[in-house]
Amino acid sequence: MKLCTSFLFLGLISTLSFVTSDSVASHEVYALKAFKEAVYEDPHLVLSNWNTLVSDPCEWNGVSCTAAGDHVIKINISGASLRAFLAPELGQITYLQELVLHGNNLIGTIPKELGFLKSLKVLDLGVNQLSGPIPPDIGKLTEVMKINLGSNGLTGRLPAELGNLKYLQELRLDRNKLQGSVPAGGMYASNVASTGFCRLSQLKVADFSYNFFAGSIPKCLEYLPRSSFQGNCLQIKDIKQRSSSQCAGTSPAKSHPAANSKHQSSEHVSKHQGTSKPTWLLALEIVTGLMVGSLFVIAILTAFQRFKNKPSIIIPWKKSASEKDHTTVYIDSEMLKDVMRYSRQELEVACEDFSNIIGSSSDSVVYKGTMKGGSEIAVISLCIKEEYWTGYLELYFQREVADLARLNHENTGKLLGYCRESNPFTRMLVFDYASNGTLYEHLHCYEDECQLSWTRRMRIIIGIARGLKYLHSEVEPPFTISELNSNAVYLTEDFSPKLVDFESWKTILERSERNSGSVGSQGSVCVLSNSVEARHLDTKGNVYAFAVLLLEIISGRPPYCKEKGYLVDWAKDYIEMPEVMSNVVDPELKHFKHDDLKVICEVITLCINPEPTVHPSMQELCSMLESKIDTSISLDLKSPSLAWAELALSS
């Protein structure tokens with residue numbers, strides 16, 4: 001029977017080899033596409049030639065293949081400022097020897113699938129923004145010689161499985177948030193299952209500094225420089241460590257010898273039982289094995305057939321069939337831990353069964369709601385189908401929510417929380433409600449009761465300037481409004497302006513639409529100028545947009561119209577000449593201050609200078625406006641129709 005089993009097993013292996021031998025290269029290409037799809041910003045267009053329609057993958061930037069060109073053996077893209085998630089599909093490139101993505105802006109977790117890279121010798125993911133624990137599966141990289149995971153945001157304890165890397169010569173884990181003790185184990189332990197760093201006989205360089213490791217340095221690692229352990233919570237006096245307050249709650253896990261011995265004894269019993277199994281049980285195992293093997297072969301044949309029938313451009317990593325899997329792979333629980341999460345049901349009640357619609361577009365629907373306590377809210381629901389919502393978009397959504405939640409200023413919209421549910425598929429944002437609608441509605445409503453007085457316009461301008469000053473110089477990293485215009489300014493009951501960045505969600509939805517079809521020649525390689533990471537680069541763009549908004553406020557004209565073209569082009573003929581400057585003022589305004597107008601025009605001129613490098617900062621502009629513009633109501637009292645409104649406003 002043993003001979004029969006061996007024959008069948010060898011036959012099964014041969015069949016599998018036959019099935020997969022012609023598809024290995026295709027799977028590697030698929031994995032490369034998945035990697036590219038996980039890149040949501042490529043500012044230097046490093047991946048611009050990653051397109052199988054016109055080029056061989058072995059000629060792609062950063063990719064190296066074997067001499068025969070049938071397998072990918074190196075991916076080296078360092079310092080390219082790629083903003084991306086690590087696609088689990090990388091684990092399919094089984095011949096890969098080097099994966100070097102040093103010095104980019106990778107986010108998310110390290111996929112456990114990297115443990116499938118049995119030929120990998122170099123894994124360098126240092127200087128990125130990776131989070132979460134180091135997967136124990138990294139201990140399966142039996143050929144690896146160098147691992148660099150330094151300067152990330154990794155958390156959790158060091159997996160003892162790293163002690164299985166017998167050829168490991170260099171290990172860099174510095175500047176993370178790792179905790180617990182450094183697992184020692186024993187190089188000469190009699191138990192073959194023993195794990196730990198003392199088994200790493202080839203280890204020459206290791207850096208554990210600036211984490212939260214506790215306990216003591218394993219004796220077998222004392223040959224390393226003392227600096228390799230500084231900046232931790234170790235119980236040593238001769239190396240600089242963190243303060244006791246920083247190290248609170250980081251005591252190392254205590255060993256449990258009893259549990260270990262129990263595990264060893266049960267393992268021994270299991271092995272012993274395996275040698276004396278009854279014949280019927282052995283036959284049952286053989287039949288079960290053959291059935292599982294047959295199903296496996298059928299599954300591979302089916303997958304191979306599907307792969308052959310797919311178009312050349314593949315959209316990888318769609319939402320997992322299992323919500324549990326989806327959560328495990330894509331959700332960063334730490335990112336939104338301080339942001340309020342609302343249930344769809346409570347928002348549905350607050351918004352009167354989502355019937356109270358106050359705005360809509362192809363991208364979203366905005367509802368007004370009233371919570372149980374009486375507070376009014378605005379709920380933005382993203383318009384997107386679940387099948388187009390990839391794991392990458394989910395992480396991008398989370399980062400946007402976390403970024404908006406950190407804003408706290410009287411002239412910026414306050415994000416109260418979010419809603420994320422699967423059945424029905426829901427992605428919503430909850431803001432404080434601004435009762436007077438948008439500034440656009442008041443500037444272009446063409447009704448007497450909508451008319452904004454000059455003083456009120458000046459107050460709105462200064463409020464907007466203060467909000468932008470806060471976003472640009474008081475928030476770290478800086479935050480910019482994606483599309484700064486009168487639709488991005490909401491007005492409260494007393495006409496105080498609130499800057500709200502609703503337009504940033506278009507980047508998510510546009511990306512979803514792009515992914516709903518073929519990726520195209522550019523694939524996912526694009527610069528999402530409104531993304532979290534790019535916001536700090538676009539403060540100059542906000543300054544220019546602020547100038548256009550000022551013109552819109554004082555003139556009552558839209559930024560662009562077919563009859564008169566662009567507002568800036570029209571206004572250039574007036575704003576630099578005091579004698580005709582008043583021509584830019586809204587003709588509906590009966591009263592305005594000429595001194596205020598001169599200041600506004602001066603600010604506009606500075607902001608629209610064709611050389612962006614000379615644009616002033618919002619800090620400078622805000623100071624100019626606050627010091628030179630008088631927002632008292634004395635002038636508007638000359639207009640009887642506005643006097644009582646302004647008096648009420650100032651009271």
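Modeller: Axes are lines fitted to C-alpha atoms, and angles run from 0 to 180 degrees between N-to-C directions. The model before us is predicted. In this model, helix α9 (residues 454-474) and helix α14 (residues 618-628) pack at an angle of about 155°, and their axes are 8 Å apart.

Biologist: Why is α9 called roughly antiparallel to α14?

Modeller: Angles over 145 degrees count as roughly antiparallel. The angle here is about 155°, so α9 is roughly antiparallel to α14. The crossing of these two helices is left-handed.

Biologist: Which residues of α9 and α14 meet?

Modeller: From α9 come I461, I462, A465, R466, L468, K469, H472 and S473, and they meet M618, Q619, C622, L625 and E626 of α14. Sorted by class, this contact of α9 with α14 has seven nonpolar, three polar and three charged residues.

Biologist: How do you know that β17 and β18 pair, and in which sense?

Modeller: Two strands pair if at least two bridges are found between them. Strand β17 (residues 357-360) and strand β18 (residues 364-370) have three bridges, so by that cut-off they pair; the sense is antiparallel. S360 stands opposite V365 in β18, and G359 has V366 in β18 as its bridge partner. A hairpin of three residues joins β17 to β18.

Biologist: What makes β16 and β17 edge strands?

Modeller: The open sheet has six strands in the order β16-β20-β21-β19-β18-β17, with mixed pairing. The strands β16 (340-341) and β17 each pair on one side only, and they are the edge strands. Helix α7 (residues 391-405) packs on this sheet and touches β19 (376-382), β20 (415-422) and β21 (425-432). The direction of α7 makes about 160° with that of β20.

Biologist: Why is the aromatic pair of F35 and W50 called tilted?

Modeller: Ring centres must lie within 6.5 Å, and planes under 30 degrees apart count as stacked, over 60 as edge-to-face and the rest as tilted. For F35 and W50, the centres are 5.7 Å apart and the planes make 40°. The rings therefore form a pair, and that pair is tilted. By this rule the count comes to nine aromatic pairs.

Biologist: What does the pair of F35 and W50 tie together?

Modeller: F35 lies in helix α2 (residues 24-37), whereas W50 lies in the loop between β1 (39-41) and β2 (63-65), so the pair ties together parts that are 15 residues apart in sequence.

Conventions
Residues are numbered from 1 along each chain as its sequence is written. This is a predicted model: local features need pLDDT of at least 70, side-chain atom pairs count only at pLDDT 80 or more; totals for chains, interfaces and linings use all residues. Side-chain values use heavy atoms; hydrogens and water are left out. Helices (H or I, at least four residues) and strands (E, at least two) are DSSP runs, numbered from the N terminus. Angles under 35 degrees count as roughly parallel, over 145 as roughly antiparallel, 65 to 115 as roughly perpendicular and the rest as oblique. A crossing is left-handed if the near helix is turned anticlockwise from the far one by less than a right angle, and right-handed if clockwise. Contact means heavy atoms within 4.5 Å. Ala, Val, Leu, Ile, Met, Phe, Trp, Tyr, Cys and Pro count as nonpolar, Asp, Glu, Lys and Arg as charged, and the others, Gly among them, as polar. Rings of Phe, Tyr and Trp (its six-membered ring) pair if their centres lie within 6.5 Å; planes under 30 degrees apart count as stacked, over 60 as edge-to-face and the rest as tilted.
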